[in-house]
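Work through the exercises below with the sequence and the model at hand. Each task is followed by a solution in steps.

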Amino acid sequence: MGHTTRKTLIAAVTTACALLVTPAVQASPVPDLSSHSPLDELGRPTPRTQTEIRNLANQPWMPADIRNMLLSALAFSAGDNGDGGPDLPEDAPPFTQFYWPTVSGSCIGGELDAVGTAIAVPGPAETPAPGAERGQTAFVFTALGTSPAAERQGGMHVNWININTLQHGATALGNHGINPDGPATLSGTADTGNGTVVAMVSGRVHTEDGPCDFIPTAAIIDAR
């Protein structure tokens with residue numbers, strides 16, 4: 001994905017997540033995705049899911065920024081730009097990896113850039129900590145190559161919207177003891193409900209060496 005396309009996608013997702021409280025969205029009907037799996041065996045939206053997300057995004061009441069978020073995330077995850085989401089191993093646990101890595105400059109020892117990756121694990125699941133019950137989704141963010149996470153956090157969040165129910169929120173990620181010897185790994189659990197969830201993670205990770213700011217990455221999650 002080109003630099004301009006990546007910047008456009010990040011800007012759209014960031015702005016859209018800030019506008020998820022729009023009353024018009026909460027009062028409007030949504031497509032029924034409950035009768036089929038929204039993702040294929042590689043974690044990509046199925047053709048039917050792609051159609052239904054586009055139909056939702058193109059409703060006349062849909063705010064432009066949320067429309068951009070949905071269509072941009074869909075284009076990337078479906079491979080419309082020649083890239084797409086990662087292949088998942090056949091024996092993998094039920095998780096979704098966020099679609100592209102994110103970067104924090106001068107994060108490692110104050111000199112080297114760190115790459116961040118994120119996954120989402122729909123409940124019920126005991127791991128990763130703090131776990132997730134049915135109707136919840138656990139999110140995990142790892143800053144590769146960094147020192148352990150500081151005990152106190154507060155700067156890394158996941159913004160999400162369930163496109164079936166229009167539930168939405170911002171979930172803080174904290175230190176729950178994952179990878180205590182490093183790299184810094186933060187996690188948190190969101191009451192996403194069941195359905196198809198569009199999520200974006202971004203913010204600041206506090207490592208034992210200092211803070212690292214990461215640009216956004218996003219995913220479409222089958223939370224059932």
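**Exercise 1: The chain as a whole**

In this predicted model, residues 24 or more positions apart account for 64% of the contacts in the chain with a separation of 6 or more.

Task: State how many helices and strands there are in the chain, and the pattern they follow along the sequence.

Solution. Step 1: count the elements; the chain has four helices and nine strands. Step 2: read them along the sequence, which gives α-α-α-α-β-β-β-β-β-β-β-β-β. Buried residues make up 48% of the 224 residues. The accessible surface comes to about 10,100 Å², and carbon and sulfur atoms hold 51% of that surface.

**Exercise 2: An open sheet**

Task: Give the order of the four strands in the open sheet, and identify the edge strands.

Solution. Step 1: the order is β6-β5-β8-β9, with antiparallel pairing. Step 2: β6 (168-172) and β9 each pair on one side only, and they are the edge strands. Step 3: neighbouring strands of this sheet are turned against each other by 15° on average, direction ignored. Step 4: take one pair in detail. Strand β5 (residues 155-162) is joined to β6 by five bridges in the antiparallel sense. Trp160 has Gly169 in β6 as its bridge partner.

**Exercise 3: Thr217**

Task: Decide whether Thr217 is buried or exposed, and list the residues that Thr217 touches beyond four places in sequence.

Solution. Step 1: locate the residue; Thr217 belongs to strand β9 (residues 210-223). Step 2: apply the cut-off. Thr217 has a relative accessible area of 1% and therefore counts as buried, because buried means under 20%. Step 3: leaving out residues up to four places away in sequence, Thr217 touches Phe98, Tyr99, Trp100, Thr102, Ala199, Met200 and Val201. Step 4: take Met200 from that list. Met200 and Thr217 are 17 residues apart in sequence, and their C-alpha atoms are 5.6 Å apart in space.

**Exercise 4: A nonpolar patch**

Task: Determine which residues form a nonpolar patch on the surface, and how Val115 is classed by accessible area.

Solution. Step 1: the patch consists of Val103, Val115 and Leu144, and together these residues have about 200 Å² of accessible area. Step 2: Val115 sits in strand β3 (residues 112-122). Step 3: the relative accessible area of Val115 is 35%, so Val115 is partly exposed.

**Exercise 5: Backbone details in loops**

Task: Find where the cis peptide bonds at Pro124 and Pro128 lie, and compare the burial of Leu166 with that of Asn179.

Solution. Step 1: the bond joining Gly123 and Pro124 is cis, with omega about 5°. Pro124 is in the loop between β3 and β4 (137-143). Step 2: the bond from Thr127 to Pro128 is also cis, with omega near 0°, and Pro128 lies in the loop between β3 and β4.

Step 1: turn to positive phi values in residues other than glycine. Leu166 has phi near 65° and lies in the loop between β5 and β6. Asn179 has phi near 50° and is placed in the loop between β6 and β7 (184-190). Step 4: Leu166 is buried, with a relative accessible area of 9%, whereas Asn179 is partly exposed, with a value of 33%.

How values were computed: Residues numbered from 1 in each chain as written. Predicted model: local features only at pLDDT ≥ 70, side-chain atom pairs only at ≥ 80, totals over all residues. Heavy atoms only, no water. Helix = DSSP H or I, 4+ residues; strand = E, 2+ residues; numbered from the N terminus. Buried < 20%, exposed > 50% of the residue type's maximum accessible area, 1.4 Å probe, protein only. Contact = heavy atoms within 4.5 Å. Patch = residues over 30% accessible without salt bridge, like charges linked within 9 Å, V, L, I, M, F, W, Y side chains within 5 Å. Areas by Shrake-Rupley, 256 points an atom, 1.4 Å probe, with all protein chains shown as cover. Salt bridge = Lys/Arg side-chain N within 4 Å of Asp/Glu carboxyl O. Pairing = 2+ DSSP bridges. Axes fitted to C-alpha atoms, helices over the stretch in contact; angles between N-to-C directions.
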